[in-house]
Amino acid sequence: MIDPTSEVPRWRQAHAILADRIRAGTYPPGSRVPSVVALSEELGISTPTAQKALRQLREDGLTYTVPGFGSYVADRPRA
């Protein structure tokens with residue numbers, strides 16, 4: 001899924017994959033998004049890269065974070 005030869009940074013590729021999954025309903029509103037470790041393993045990226053992708057999803061309004069519990073899909077994801 002992540003193209004290591006692409007000029008697009010890996011965190012942006014991961015962000016796009018996750019945003020697409022949210023918009024497609026793979027992760028419905030209120031559901032938990034995979035953890036940093038799970039994303040790292042699934043996508044073959046480092047944990048800082050996964051953290052950056054998740055942080056961007058939060059900044060985009062697609063997810064919110066509950067400290068100590070993880071990231072969840074926003075009830076009404078923006079764009």
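This report describes how helices α1, α2 and α3 pack and what lines the largest pocket.

## Basis

The model is predicted, so local features need pLDDT of at least 70 and side-chain atom pairs count only at pLDDT 80 or more, while totals for chains, interfaces and linings use all residues. Residues are numbered from 1 along each chain as its sequence is written, and side-chain values use heavy atoms, with hydrogens and water left out.

Helices (H or I, at least four residues) and strands (E, at least two) are DSSP runs numbered from the N terminus.

## Helices α1 and α3

Helix α1 covers residues 10-24 and helix α3 residues 47-59; their axes lie 8 Å apart at an angle of about 50 degrees. Axes are lines fitted to C-alpha atoms, for helices over the stretch in contact, and angles run from 0 to 180 degrees between N-to-C directions. The two helices are therefore oblique to each other (under 35 degrees is roughly parallel, over 145 roughly antiparallel, 65 to 115 roughly perpendicular, the rest oblique).

On the α1 side, the contact (heavy atoms within 4.5 Å) is made by Arg10, Trp11, Ala14, His15, Leu18, Ala19 and Ile22. Helix α3 supplies Thr49, Lys52, Ala53, Leu54, Gln56 and Leu57. These residues divide into 8 nonpolar, 3 polar and 2 charged (Ala, Val, Leu, Ile, Met, Phe, Trp, Tyr, Cys and Pro count as nonpolar, Asp, Glu, Lys and Arg as charged, the others, Gly among them, as polar).

## Helices α2 and α3

Helix α2 (residues 36-43) packs on α3 at an angle of about 110 degrees, with the axes 8 Å apart. That makes α2 roughly perpendicular to α3.

Val36, Leu39 and Ser40 of α2 meet Thr47, Ala50, Gln51 and Leu54 of α3. This contact has 4 nonpolar residues, 3 polar and no charged.

## The largest pocket

The lining of the largest pocket includes Arg32, Pro34, Gln51, Leu54 and Gly70. A pocket is an open set of points on a 1 Å grid over the protein atoms alone, where a 1.4 Å probe fits, with protein on both sides within 12 Å along at least five of seven lines; lining residues have an atom within 4 Å of a point.

Helix α3 gives the largest share of this lining, 4 residues. The lining divides into 4 nonpolar, 5 polar and 3 charged residues.
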